[in-house]
Amino acid sequence: MRFSALTLLRSAFDGQSRYPHQWRKADPRPSYDVIVIGGGGHGLATAYYLAKEYGVTNVAVIEKGWIGGGNTGRNTTIIRSNYLFDESAALYDHALTLWRGLSQELNYNVMFSPRGVLMLAHTVHDVQSIKRHVHANRLNGVDNAWLTRAQVAAFCPGLNMSPEARHPIVGAALQRSGGTARHDAVAWGFARAASARGVDIIENCEVVGIRRRIDGAVAGVETSRGFIGARKIGVVTAGRSSQVMAMADVRLPIESYPLQALVSEPTKPVLDCVVMSNTVHGYVSQSDKGELVIGAGSDAYVSYSQAGSAHVAAEAIGAVCELFPQFARMRMLRNWGGIVDLTPDRSPIIGKTPVPGLYANCGWGTGGFKATPGSGHIFAHTLATGDPHPIAAPFSLDRFLTGRLINEAAAAAVAH
Ligand SMILES: Cc1cc2nc3c(=O)[nH]c(=O)nc-3n(C[C@H](O)[C@H](O)[C@H](O)COP(=O)(O)OP(=O)(O)OC[C@H]3O[C@@H](n4cnc5c(N)ncnc54)[C@H](O)[C@@H]3O)c2cc1C
């Protein structure tokens, strides 16, 4: 079924009774050319672009729970590409370019909303660091601009611009082309489009082992539903990446931490952009349902608890109330956590591993949602051709041996 104005109109009159399942619930076949482990946005996008760009359709996405049930469905949906280094600018801007046409590409409304992302400066250090990002971005052709204090007040009228604030706002960087998208719809849209091209999406199937041939290359995966053979395996399991890679004796430089977010009760439109502040340590946007979506920090210690510590969420609320004192009267609806995969340089790992046929796409940490289409697009290239896509090449696993790190620790809205 293709979505169009006509199908929406028809559905309005027939009680929406004709919507079919959006993707096939596939059972595992004995073997595939490519198995993608992990049915988050990155894994599903990888499968979609494998089928679409490279004609590789004998592909399975294997998900231990339900698709989008990992970090894809837990994040705060911020999309931007204002990272510092050339390699990152190319990577995240590639994704931003794909976001712009993604709803049309997938024929599925992912609700991409380029409403503008403000990164606030409160101190001399903030000004210097943020201006450095703005200049670096502009040299790379990435949209980003410096706003004075008065321009910030005009762009986001609800902000507390009082000079008496504990951390007064003195300016900001604005990426007008950044914004948000609907995270579930991204997973569903890629799943639907990949399934339509022949990809098997297998949910409730946990990978518990990676079987290797006598020559060391991958032979397939042991799962809770039996053995499935594969010529190539892409591991796209975010916070669980080091555990899954250990099944093939590959040790990743990744630590997994809980990262939290929370939403308020819904309210009428009060905030039409994304506001981030590293200094007060929080960020906020408003969803189309009207909830304030608040990003908190990560716990200080490694853990696989998807809850996270209570004080981390409380501090995020304090930070947002400092930026918008009027939000202090809002009630919080729910909070949750996800397990994020942090590398030492806070940049992802995309490419080959020492095991022939085994490829990694992980280490996106606290900021991979924004990269979803770009990540899938370039990882599909790597899986199909065996060689890294030029954009992915600097993000190889061996940069931790050569020392060619891409340190983006200062790029996030909250320190981690
Ligand atoms: C609270 C929070 C807020 C965030 N906010 C933002 C933000 O605003 N902007 C942004 O860009 N990024 C954000 N992120 C980060 C972003 O969510 C992730 O980087 C991104 O979603 C990772 O996508 P993925 O597809 O790689 O991982 P996931 O969506 O986590 O998918 C991995 C999948 O692998 C599956 N899996 C794991 N082990 C196995 C196994 N053994 N067998 C089979 N399947 C397995 C999991 O069940 C999971 O579904 C945030 C993350 C969190 C937790």
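Helices (H or I, at least four residues) and strands (E, at least two) are DSSP runs, numbered from the N terminus. By this count the chain holds 11 helices and 18 strands. The model is a predicted one, in which local features need pLDDT of at least 70 and side-chain atom pairs count only at pLDDT 80 or more, while totals for chains, interfaces and linings use all residues. Residue numbers start from 1 along each chain as its sequence is written.

To begin with the overall form, the C-alpha trace spans about 70 × 60 × 40 Å along its principal axes. Of the 416 residues in the chain, 52% are buried (20 or more other C-beta atoms, placed from the backbone, within 10 Å of the residue's own; exposed means 12 or fewer, and partly exposed lies in between). Lys-25 is exposed, because 11 other C-beta atoms lie within 10 Å. This lysine, Lys-25, sits in the loop between helix 1 (5-13) and strand 1 (31-37).

The ligand comes next. Around it are 39 residues, of which Gly-38, Gly-40, Gly-70, Gly-338 and Gly-368 come nearest; a residue counts as near if its C-beta atom, placed from the backbone, lies within 6 Å of the molecule. At least two residues of this shell come from each of helix 2 (41-54), strand 12 (255-266) and strand 16 (332-342). The ligand lies between domain 1 (23-108 + 182-253 + 345-402) and domain 2 (117-177 + 256-342), because both give residues to the shell; the domain bounds come from an automatic or database domain assignment.
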